[in-house]
Amino acid sequence: VLLPFLCCLSPAAAGKLLVIPMEGSHWLSMKEVLVELSKRGHEIVVIATDSKTLIDSMGTYELKTYPVPFKKEEMEELTRSFGPNCFSKEPFLIRFLNTLDNFQKSSAMFQVSCSSLLYNKEMMKYIEESKFDAIFTDPLTPCGQIIALHFSIPTVFFLWGVPCSIDIHAAQSPNPPSYVPQMFSRNTDHMTFHQRVKNFLLDISEYFTCSMVFSPFESLASDFLQKLMTITQLLSHGSIWLKRLDFVFEYPMPIMPNMIFIGGINCGQKKPLSQ
């Protein structure tokens, strides 16, 4: 009885993948995945701004661009501004305020970029008519997820993390502040009582911080989708989370079944160190 059914089975077919990447270094490891997917027969289309910096064209995928009201030099300057603060040894409050300022500036620029795509009738018509099987995107800027919800396309997220643990909350993973150190706290997974209190207060403050940083995207998503949306609600619709993490380097934490750790992808391109 099973033999006729087995004869009807066919090998897994290649699909059409729409890629909406994050600009900057996030693109470098995502590009490695696209090269491998192309080798396996998938049809890939990458959509980026005409002011892109690192996103380039290759024979392994098709690159489509759309206009934005800012120049490539402005994007490069914004990217460079993050570097000094990452290695700063200034007091916590100064580092926190500098990081908040950078996030607000980048959020505003990426929101403008996203709006330019969503209201580009020619590009949206192309996406609708192409009948993509999935969207591959970095949720740090949720433009790809807005498009996925609009056209009812499954989403595969590719990320290291989202500020304020929004990715963890969106995936409904447990994240107790008494045990999981917060970003910028410099705490370890073995905290004293005072460090736990500090961690808890930082967790509360991050909620208000990210409300300011991501509010432009929430307004844009609510207007475009014609219903009230928060950034957490947007990302909660993700189908698969490919996280560029590994417990070898990160603190152990609870994860959901659709969250897959692929920390090794960061070493896809390696160069030997000089003596």
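**Figure 1. Strand 2 and its parallel neighbours in the predicted model.** Strand 2 and strand 3 (residues 62-66) run parallel and are joined by 5 bridges. The structure shown here and in the following views is a predicted model. Within this pairing, threonine 49 stands opposite tyrosine 66 of strand 3. Strand 2 also pairs with strand 1 (residues 16-20), again in the parallel sense, over 4 bridges. There, glutamate 43 in strand 2 is the bridge partner of lysine 16. Between strand 1 and strand 2 the chain passes through helix 2 (residues 26-39), and this β-α-β crossover is right-handed. Strand 2 itself (residues 43-49) is largely enclosed by the rest of the structure, because 6 of its 7 residues are buried.

**Figure 2. The salt bridge between aspartate 56 and lysine 31.** The closest N and O atoms of aspartate 56 and lysine 31 are 2.9 Å apart. Aspartate 56 belongs to the loop between strand 2 and strand 3, whereas lysine 31 belongs to helix 2, so the pair ties together parts that are 25 residues apart in sequence. The two partners are covered as follows: lysine 31 has a relative accessibility of 18% and therefore counts as buried, while aspartate 56, at 29%, counts as partly exposed. Side chains of opposite charge can pair when their charged atoms come close.

**Figure 3. Salt bridges of glutamate 36 with arginine 40 and of glutamate 62 with lysine 64.** The side chains of glutamate 36 and arginine 40 meet with an N to O distance of 3.2 Å. Arginine 40 counts as exposed, at 59% relative accessibility, and glutamate 36 as partly exposed, at 35%. For glutamate 62 and lysine 64, the N to O distance in the salt bridge is 3.4 Å. Glutamate 62 has a relative accessibility of 37% and is classed as partly exposed; lysine 64 is likewise partly exposed, at 23%. The protein has a count of 4 salt bridges.

**Figure 4. Leucine 201 and leucine 202 in helix 8.** Which of these leucines is buried, with a relative accessible area of 6%? That residue is leucine 202, which is found in helix 8 (residues 193-225). The C-alpha atom of leucine 202 is separated by 7.7 Å from that of serine 185, a residue 17 positions apart from it along the chain. Leucine 201, also placed in helix 8, counts as exposed, with a relative accessibility of 51%. Leucine 201 takes part in a nonpolar surface patch of about 770 Å². The patch is made by Phe193, Val197, Phe200, Leu201, Ile204, Tyr207 and Phe208.

**Figure 5. The protein as the setting of the close-up views.** The secondary structure comprises 9 helices and 7 strands. With a radius of gyration of 20 Å, close to the 19 Å that the globule rule gives for 275 residues, the protein is as compact as a globular protein of that length. Taken along the principal axes, the C-alpha atoms fill a box of roughly 65 × 55 × 55 Å. Of the 275 residues in the protein, 43% are buried.

How values were computed:
Residues numbered from 1 in each chain as written. Predicted model: local features only at pLDDT ≥ 70, side-chain atom pairs only at ≥ 80, totals over all residues. Heavy atoms only, no water. Helix = DSSP H or I, 4+ residues; strand = E, 2+ residues; numbered from the N terminus. Buried < 20%, exposed > 50% of the residue type's maximum accessible area, 1.4 Å probe, protein only. Patch = residues over 30% accessible without salt bridge, like charges linked within 9 Å, V, L, I, M, F, W, Y side chains within 5 Å. Areas by Shrake-Rupley, 256 points an atom, 1.4 Å probe, with all protein chains shown as cover. Pairing = 2+ DSSP bridges. Right-handed = clockwise from strand over helix to strand, strands pointing away. Rg over C-alpha atoms; globule rule 2.2 N^0.38 Å.
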